[in-house]
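Hi,

Here is the structure I promised to pass on. Have a look at it first, and then read my notes below.

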Amino acid sequence: MATTLSEAYRDHPLHLHHIIPLDFSSFRTLPDSHAWPQSNDDCNDHLTSNINGCFDESCIPIIDLNDPNAMEQIGLACEKWGAFQLRNHGIPLNLIEEVEEEAKRFFSLPSKEKVKALRSSGGATGYGRARISPFFPKYMWHEGFTIMGSPSNDAKKIWPNDYKRFCDKMENYENQMKMLSEKVTKMIFNILGISQQENKWVGSNNHCGAIQLNFYPSCPDPNKAMGLAPHTDTSLLTILHQSQTSGLQIFKEGVGYVPVHPHPNTLIVHTGDILHILSNSRFRCALHRVVVNNVKNRYSVAYFYVPPIDYLVQPFVPTNSLPRFRSLSVKEYIGIKAKNLGGALSLISTFLDDDLCQQGK
Ligand SMILES: O=C(O)CCC(=O)C(=O)O
Ligand SMILES: [Fe+2]
């Protein structure tokens, strides 16, 4: 399964300067290469979500997976936001903490150590800048490490005699994330009326998944820097853990960027492009970005849940409606996204006007 997603990326090689991160520890001021033009993008930081449930229309809903109405709430959240936070998700807290610790252990290494596991030009796994980097005129205040299947090949380059600890934690986390993704996907397919019979890949090992460790060092000039530029995820859905440092913001039409402050014991779920297509635009795919700060390092761990590479992504169309997208394989969509980023959805759209996702920058 791991190699299949890597295959999809192999056809879209990147220049090395879009892969090798800056050695952030050696900069006391923001280099011009990382200074973004100031934008008026309002961030509605006064809006905060409430751990006991979100009754405010302007905050990301928090859903308890054990709630008998969880499925209905997930459906509403996907329609309104393309994202929600999940409580009682069943992932052991100590595993989440251990994975975050391993991410910190890796990113705190000197640059010359980390580049030993540098992603290759046509590669999908390893250390490097965000894959969306080539689409933006400035670099992001971010470094990442991508894992598909076992990370042992990359981890051995870093810790030749001590790679097992890192691998065990990541593999365990990937298994747990896969199970949670399956549970949420089954609920979502139920809401959409998508046949489980025709989607036997959910629950099998015939899926594609990837873990993305993200690191946003504290930044000397955070107002001019960008942690991760606005994008939607290509996945069916993404499950995200963020360390106890704010930074993630989700775009809500008519509201602007809304911060998703960390809540202990909650994971964030994003609707990805593939689910947006399958739902025939009923579910939004959340445009999101990450801002940085000058006080604390920030870490996050994203798990991307993706159908098999040859899966036909075909909008599920209710009676009397027309498909808003042409059908295509996951592999073809990954290719279109790799070349067009935010323009990918409009390129496969069967409509002239479309919604939020086409604004993806
Ligand atoms: O760091 C975050 O909170 C978001 C990360 C993200 O959007 C991604 O890895 O695609
Ligand atoms: Fe993302």
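I'll begin with the ligand. Keep in mind as you read that this is a predicted model. Around ligand 1 you'll find Gln212, Asn214, Leu228, Asp233, Leu240, Gln242, Leu248, His288, Val290, Ser300 and Ala302. The elements that put two or more residues into this shell are β5 (208-216), β7 (237-242), β11 (288-290) and β12 (298-306). Sorted by class, the shell has 5 nonpolar residues, 5 polar ones and 1 charged.

Now the sheets. One is an open sheet of 8 strands, and its order is β1-β2-β10-β7-β12-β5-β4-β3. The pairing in it is mixed. At its edges sit β1 (62-64) and β3 (126-128), each of which pairs on one side only. On average, and ignoring direction, neighbouring strands here are turned by 25 degrees against each other.

Helix α2 (residues 70-80) packs on it and touches β1, β2 (83-87) and β10 (267-271). The direction of α2 makes about 160 degrees with that of β1. Then there is α3, which lies across β4, β5, β7 and β12 and runs at about 115 degrees to β12.

The other sheet is also open and has 4 strands in the order β6-β11-β8-β9, with antiparallel pairing. Its edge strands are β6 (228-231) and β9, and each pairs on one side only. Neighbouring strands in this sheet are turned by 25 degrees against each other on average, direction ignored. Within it, β8 (residues 248-252) and β9 (residues 256-259) run antiparallel and are joined by 4 bridges. Phenylalanine 251 has tyrosine 257 in β9 as its bridge partner. These two strands, β8 and β9, form a hairpin with 3 residues between them. Look at glycine 254 in that turn: its phi is positive, at about 80 degrees.

Last, the helix packing. How do α2 and α6 pack, and how far apart are their axes? The angle is about 75 degrees and the axes are 9 Å apart. Angles from 65 to 115 degrees count as roughly perpendicular, so α2 and α6 are roughly perpendicular to each other. On the α2 side the contact involves Met71, Ile74, Gly75 and Cys78, which meet Met187, Ile188, Asn190 and Ile191 in α6. This contact of α2 with α6 divides into 6 nonpolar and 2 polar residues, with no charged ones.

Helix α6 (residues 164-192) also packs with α3 (residues 93-107), at an angle of about 135 degrees and with the axes 10 Å apart. That angle makes α3 oblique to α6. The crossing of α3 and α6 is left-handed. From α3, the contact uses Leu95, Glu98, Val99 and Glu102. From α6 come Phe166, Lys169, Met170, Asn172, Tyr173 and Gln176. By class, the contact of α3 with α6 has 5 nonpolar, 2 polar and 3 charged residues.

Cheers

Key
Residues are numbered from 1 along each chain as its sequence is written. Chains are lettered from A and ligands numbered from 1 in the order in which they are written. This is a predicted model: local features need pLDDT of at least 70, side-chain atom pairs count only at pLDDT 80 or more; totals for chains, interfaces and linings use all residues. Axes are lines fitted to C-alpha atoms, for helices over the stretch in contact, and angles run from 0 to 180 degrees between N-to-C directions. Angles under 35 degrees count as roughly parallel, over 145 as roughly antiparallel, 65 to 115 as roughly perpendicular and the rest as oblique. A crossing is left-handed if the near helix is turned anticlockwise from the far one by less than a right angle, and right-handed if clockwise. Two residues are in contact if their C-beta atoms, placed from the backbone, lie within 7 Å. Ala, Val, Leu, Ile, Met, Phe, Trp, Tyr, Cys and Pro count as nonpolar, Asp, Glu, Lys and Arg as charged, and the others, Gly among them, as polar. A residue is near a molecule or strand if its C-beta atom, placed from the backbone, lies within 6 Å of it. Two strands pair if DSSP finds at least two bridges between them.
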